[in-house]
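Hi,

Here is the structure I said I would pass on. Have a look at it first, and my notes follow below.

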Amino acid sequence: MRTITIILLTVLSCVTAWAGDKNTTIVVRPITEKQRSEIPDKTLTVKLQRYTINDTPLGKAVVDLVSDVRKDDLYYNFYVLKFHTTQDGVLEVGVIGENRISPAIQKKAWGVMFFDSVCFVLLDEKPDGLFTKAKGKQTIIQEFEIVDDSFHKSTDVFALWKDGKLRANVYHINGSDLLQKRKRKEDGNIMVDHFE
């Protein structure tokens, strides 16, 4: 039953997101009747510059990562793509499924990119040479869907860019830990997954 609900919410998100114009993304947050008080008085919106990702080794690795997250994820249709340099000077890339415009998105987002018709909000650092400004801006609007049972299955992926490779150290998709599967792919051992 939960799988059916997830699929229906995903379809609703996709249809709603593309029902308007191409410069607007609708983010649908499911809430219960008890959570109705969380709906703000004013509509939450944010307008961000569009970007494209460059064809660099890091750019290709990020595209590969978000592509795999999209293939594995059954629930989210809106993501945060964040970049952070660790104390060791290593770039960390995060892909986080979202169904709300969080305060971090409102304050720290510097742009959006599209992959597979899905909006990725760019957050935190802006790596040199990785992105190019695209034409236009994207308006993101928060909407709410009242549901009988609200549940949260997180999608959180983090990977480190070292020695010309982007290697995941966290790979949670819809609440499931798929890190070992991801590591097998990164190591080139994808045949193992056919027997799982």
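**The sheet around β6**

Keep in mind that this is a predicted model. I started with the hairpin formed by β5 and β6, which has two residues between the strands. D116 sits in that turn and has a positive phi of about 55 degrees.

How buried is β6 (residues 118–124)? Six of its seven residues are buried, so the strand is largely enclosed by the rest of the structure.

**Helices α2 and α4**

The other thing I looked at is how α2 (residues 57–72) meets α4 (residues 179–186). Their axes come within 13 Å and cross at roughly 135 degrees, which makes α2 oblique to α4. The crossing is right-handed.

Which residues make the contact? From α2 they are D64, L65, D68 and D72, and from α4 they are K181, R182 and K185. Sorted by type, the contact has six charged residues, one nonpolar and no polar.

That's what I have so far. Tell me what you think once you've had it open.

Cheers

Definitions and conventions:
Residues numbered from 1 in each chain as written. Predicted model: local features only at pLDDT ≥ 70, side-chain atom pairs only at ≥ 80, totals over all residues. Heavy atoms only, no water. Axes fitted to C-alpha atoms, helices over the stretch in contact; angles between N-to-C directions. Helix = DSSP H or I, 4+ residues; strand = E, 2+ residues; numbered from the N terminus. Parallel < 35°, antiparallel > 145°, perpendicular 65-115°, else oblique. Left-handed = near helix turned anticlockwise from the far one by under 90°. Contact = heavy atoms within 4.5 Å. Nonpolar A, V, L, I, M, F, W, Y, C, P; charged D, E, K, R; others polar. Buried < 20%, exposed > 50% of the residue type's maximum accessible area, 1.4 Å probe, protein only. Pairing = 2+ DSSP bridges.
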